[in-house]
Amino acid sequence: MVEETEVNELKKTENEKRRSGWKLGRSAIGAIVVLMIAFEFSLTVCFLTLMQDSRKYTGIVEDCCCDYETVDTINGAVLHPLLQGLVTTPFFRYFKVKLWCDCPFWPDDGMCKLRDCSVCECPENEFPESFRRPPLGLAADDLKCQEGKPEAAVDRTLDSKVFRGWIEVDNPWTVDDETDNGEMTYVNLLLNPERYTGYTGPSARRIWDAIYSENCPKYASGEICQEKKVLYKLISGLHSSISIHIAADYLLDETKNQWGTNPDLMYDRVLQYPERVRNLYFTFLFVLRAVTKAKDYLEQAEYDTGNPEEDLKAQSLIRQLLYNPKLQAACPVPFDEAKLWKGQSGPELKQQIQKQFRNISALMDCVGCEKCRLWGKLQVLGLGTALKILFSVDGEYRHDQHLQLQRNEVIALVNLLNRLSESIKLVQEMSPTFEKTMKGLSLQPAAKFISSWNRLLKTVLGDR
């Protein structure tokens with residue numbers, strides 16, 4: 001009897017262990033199924049997010065007056081070809097710049113690891129002789145007043161007889177002293193393309209950190225100050241364009257001196273961030289608006305380099321850019337500057353933002369790479385010129401003041417518009433490639449994951 005009782009107890013214990021094992025097995029299987037469902041759901045969300053980020057941008061560009069589709073179409077068919085031809089003419093390919101300046105904020109410790117970091121300066125006999133002649137100077141009382149406008153309205157036009165010769169006058173939005181010709185040198189931009197230079201590390205990061213954290217902080221989601229949002233988006237758009245050009249002309253193999261496109265870098269720095277792409281479009285339309293607003297001045301300007309054939313070409317291309325019927329029909333006012341600087345605090349706010357942008361231009365002297373400094377100064381001057389055209393100067397909108405531009409400002413403005421135009425074109429061309437790539441990459445982890453879990457399930461259920 002005792003032995004039979006012991007046997008029954010052992011069977012009972014064994015059955016309880018078996019049932020407990022089955023419970024654990026079922027629990028493990030349930031947990032695995034839940035994990036698989038959760039993973040597949042998150043993978044689907046991730047895939048849809050990637051597809052959404054890489055899709056073609058649609059609708060109106062934020063705070064502008066044109067939509068993405070129109071920008072892509074007009075840029076590809078009209079603006080990009082015109083600008084590509086314009087920047088190769090002698091007038092627009094020589095830029096006057098002060099390359100060597102002490103950084104006003106910290107000791108220069110930038111290091112470049114490529115010879116491409118250096119700039120090839122022009123010998124004096126290369127750039128146009130007309131550039132060496134002193135520009136005309138105009139006395140303030142020599143300027144005629146424009147017709148009076150109602151104080152409540154913003155004058156969105158410029159006087160039709162504005163060009164009176166190239167002058168030397170400092171841009172209030174930037175810090176470079178254009179009248180100090182002793183330290184200036186001319187650079188052929190075609191021989192010094194904007195591309196990868198190897199300028200990386202703490203020095204490069206410190207420039208952008210100083211720009212964003214001290215002078216152009218990202219606005220909060222509830223920010224209602226449109227002017228602060230404009231400054232941030234302009235700098236962000238310019239930053240995106242610079243990153244795109246670095247990735248588009250990248251040193252792929254230093255031993256073979258092989259250059260080409262680095263799509264991964266372009267995606268990592270710009271294309272995976274929709275906001276950065278949107279800000280690029282915004283900056284492009286902002287600068288385009290400045291060019292079209294100054295059309296009377298730019299049409300009448302003298303593009304004299306001593307080469308009649310090339311000078312006529314430059315003049316013709318400028319007129320085609322300013323008066324293109326397709327552009328005027330599709331996007332007559334790319335950006336509406338009249339909605340800014342409203343209220344009593346308008347002039348004070350303009351002075352504040354002007355001071356911040358001047359600080360950003362001063363930071364270009366802290367760039368530790370010569371070629372990066374060249375293109376940084378050119379594009380910041382171009383952006384400062386656009387701000388000058390659209391927002392006048394000195395904290396007030398002066399109806400009695402003619403627009404006055406330096407030759408260098410016009411060169412910088414047109415080259416900046418070309419850089420932005422190229423970036424827009426590259427985004428349009430590269431997005432479909434990334435859409436296919438992301439689709440393939442997003443499916444690979446799912447297949448590997450499911451295969452691994454199938455093996456695990458077989459292991460768990462193998463003896464059941």
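Mentor: Contact here means heavy atoms within 4.5 Å. The model is predicted, with local features needing pLDDT of at least 70, side-chain atom pairs counting only at pLDDT 80 or more, and totals for chains, interfaces and linings using all residues. Residues are numbered from 1 along each chain as its sequence is written, and side-chain values use heavy atoms, with hydrogens and water left out.

Trainee: Which residues of α6 and α13 meet?

Mentor: From α6, Leu234, Ile235, Leu238 and Ile242; from α13, Gln379, Val380, Leu383 and Leu387. By class, this contact has 7 nonpolar, 1 polar and no charged residues. Ala, Val, Leu, Ile, Met, Phe, Trp, Tyr, Cys and Pro count as nonpolar, Asp, Glu, Lys and Arg as charged, and the others, Gly among them, as polar.

Trainee: What is the angle at which α6 and α13 pack?

Mentor: Helix α6 (residues 226-248) and helix α13 (residues 370-391) pack at about 145°, and their axes are 12 Å apart. Axes are lines fitted to C-alpha atoms, for helices over the stretch in contact, and angles run from 0 to 180 degrees between N-to-C directions. Helices are DSSP runs (H or I, at least four residues), numbered from the N terminus.

Trainee: Why does serine 421 count as buried?

Mentor: Buried means under 20% relative accessible area (1.4 Å probe, protein chains only). Serine 421 has 0% relative accessibility, so serine 421 counts as buried. Serine 421 lies in helix α14 and touches Asn75, Leu79, His80, Leu83 and Phe284, leaving out residues up to four places away in sequence.

Note on methods:
Helix = DSSP H or I, 4+ residues; strand = E, 2+ residues; numbered from the N terminus. Buried < 20%, exposed > 50% of the residue type's maximum accessible area, 1.4 Å probe, protein only.
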